[in-house]
Amino acid sequence: MSATFEVKPAPAAPAPPAAATARKPPRTSRRTQARRSLRRHWQLYLLVVVPLAYFVIFKYVPIANAVIAFKNYSPIKGPWGSDWVGFRNFELFFQNPVFWTLVKNTFLLSVYTVLASFPIPIILAIALNEIRNGRFKKIVQLVTYAPYFISTVVVVSMTILVLSPRLGFVNDAIGLFGVPSVDFLGRPDYFRHIYVWSDVWQTTGYSAVIYLAALSGIDPALHESARIDGASRLQRIRHVDLPGIMPTAVIILVLGVGNIMSIGFEKAFLLQNPLNTAQSEIIATYVYKTGLLNADFSMATAIGLFNSVINLFLLLGVNFAAKRITGNGLWS
Amino acid sequence: MSITLQGFRRTSSRRHESQRTTIEETRTDKIFLLGVKIMLWIALIVVAVPLIYIVANSFSSPSAVSAGRVLLWPIEPSLKAYKEAFSDPLIMKGYLNSFIYAIGGTLISVTLTIAIAYPLSRRTFFGRNVIMSVLIFTMLFSGGLIPTYLVVQDLGLLNTRWAMVIPSAIGVWQVIIARTFFRSTIPEELYEAATIDGASDLRFLWSIVLPLSKPVIAVIALMYAIFQWNSYFDALIYLKDPGLYPLQIVLRNVLILNTLTGSTTTTSLAQQLEQQQLANVLKYALIVISSLPVLIIYPFVARHFTKGVMVGAVKG
């Protein structure tokens, strides 16, 4: 943290002790470099002041505010003046019967999302890459990419309308096979499928773009020599395309698995209704309800913090494992 | 796998002169390609059908929609729903608010993003690695919902328009995209030349970097604008006054919570039925109306959008 304060524009910074510069004769010391950079490029330092203040105020002050997880927050005393309660909030949460349900719902929903939305974009990208017909390829890309730009509220509304027992075409379609209409959103056991497959519908085209770029980066000579050696299309996909997009795929999988516990609030909350909460209540929605609807700030912060810490360790752990196994990680 | 000489026949005709002039497809490959095409057609249909279904319903008559008779083509075409939507004061207010937030938020976001991305792209900027780490850490760990809410509350931003644009002003991802672009397209020599001519850092940014960076500025501006247009969470937690609600919140109230905006004081059964039917078709029209601005610009920017995402994905 202290390093962030160095960048304030201070053209007349106090001179560092001369001994610091004398110790390393061949290279100017970092301090001297900093001072020289500050004097010559003070305008650059001036530029970053406001954006850095933004990050401090809206990202780092909240991290400090999270101290209320260990306190009994009182709005009058403020986050720092409130009384300490140690780990009581965490203990209460762990003892709460809802705890395991929340963890299970969050975990299962995320794992399902990652499992479904990881391979499908790869398949789409490889299929698109096989096609030479420019126009068809462009149309498929444009259409599958479009849902990514639609808002979560609209996607959820569409899902509800399409699956509606009275109006939706899905029930009309299964009605053709003699199946009685189903209230999909009123059944807890359908919630995860609805969540995950509407997500796949929305993001597959977008995710495929990343793989398409990775595919176009593969040396065409590899494909040509494989073809001359008599490799079929399928063999070329297996031995040229898949290894070529492996680094990208690993990064995306690491990000996906690492974020397993931080699955978004927005969509689960919108798809939620009193009938399906048994499976749709996840940590994020519970934090919202505890904190903002029941105004139990300390408890909500404790739950959120528990979630953030688990998530951080998951991400670091998965990244470490991926680096060990494949040599590719988030930070190369 | 027929690895025969057949596969190596030279093609004599000019039809194949595009990419693959030397080797013809084998039969297995042709079948495989057919399978790929069928798969892509299925993907196309799966994505497109719900979209077409919504549009078709929105242009149909309320009674046809309520009877579930509409599939992919409007039945008894009518613009009733659109007329209703455009005459609803809450919806129009939401539309206006969303435009204000999208435009204002994008201006603020882009300015701040460039202000931090440009210094971070310069080699002579001391401490850029530290600052970058400070930024990236915020992607990995956050204080959470309530601690952030407390900050917004303490700053007096609750229930103001600022709450929509300030707390989410800078995206680290966008900073990375802009920084990578600056670093890869603006050579240090250019800066040195400008310095010799007497340009300051700010002058260099304003007269040389920004004009050269129009594509990336367009990309991050669009990212911010679309994000702002589509977001509802900040409004849900920070806004209380319905007059400040962006369109997404209005949509949620009408579409998901089923709270009708129009007056429901009508008494006769026929009128109530009509009202109910209109409410159904209104939902479809609202989806179209709210997604239209984004979907109209999207095909024109999709290419740049992709490029921007790629630039950001380059590690460095």
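Two residues are in contact if their C-beta atoms, placed from the backbone, lie within 7 Å.

**Ground rules.** I am working with a predicted model, where local features need pLDDT of at least 70, side-chain atom pairs count only at pLDDT 80 or more, and totals for chains, interfaces and linings use all residues. Residues are numbered from 1 along each chain as its sequence is written, while chains are lettered from A and ligands numbered from 1 in the order in which they are written.

**Entry: B:Ile146.** I looked up what B:Ile146 touches, leaving aside neighbours within four places in sequence, and found A:Gly291, A:Phe297, A:Ala300, A:Thr301 and A:Gly304. B:Ile146 sits in helix α6 (residues 145-154) of chain B; helices are DSSP runs of H or I, at least four residues, and strands are runs of E, at least two, numbered from the N terminus. Is B:Ile146 buried or exposed? B:Ile146 counts as buried because it has 32 C-beta neighbours inside 10 Å (20 or more other C-beta atoms within 10 Å make a residue buried, 12 or fewer exposed, and in between partly exposed).

**Entry: α6(B) against α3(A).** Next I checked how α6(B) packs on helix α3 (residues 42-65) of chain A: the angle is about 120 degrees and the axes are 8 Å apart. Axes here are lines fitted to C-alpha atoms over the stretch in contact, with angles from 0 to 180 degrees between N-to-C directions. From α3(A) come A:Ile57, A:Phe58, A:Val61, A:Pro62 and A:Asn65, which meet B:Pro147, B:Thr148, B:Leu150 and B:Val151 in α6(B). I sorted the residues of this contact into seven nonpolar, two polar and no charged (Ala, Val, Leu, Ile, Met, Phe, Trp, Tyr, Cys and Pro are nonpolar, Asp, Glu, Lys and Arg charged, the others, Gly among them, polar).

**Entry: the whole contact.** How many residues does each chain bring? Chain B gives 80 residues and chain A gives 82. On the chain B side, helix α1 (residues 27-58) gives the most, with 15 residues.

**Entry: helix α13 of chain A.** I followed α13 (residues 233-258) and met a kink of about 50 degrees at A:Met246, shortly before the proline A:Pro247; the bend is the angle between axes fitted to the seven residues ending there and the seven starting there. Among the buried residues of α13(A) are A:Gly244, A:Ile245 and A:Ala249. The buried residues of α13(A) pack against α7 (119-130), α11 (188-216) and α17 (297-326) of chain A, together with α1 of chain B.
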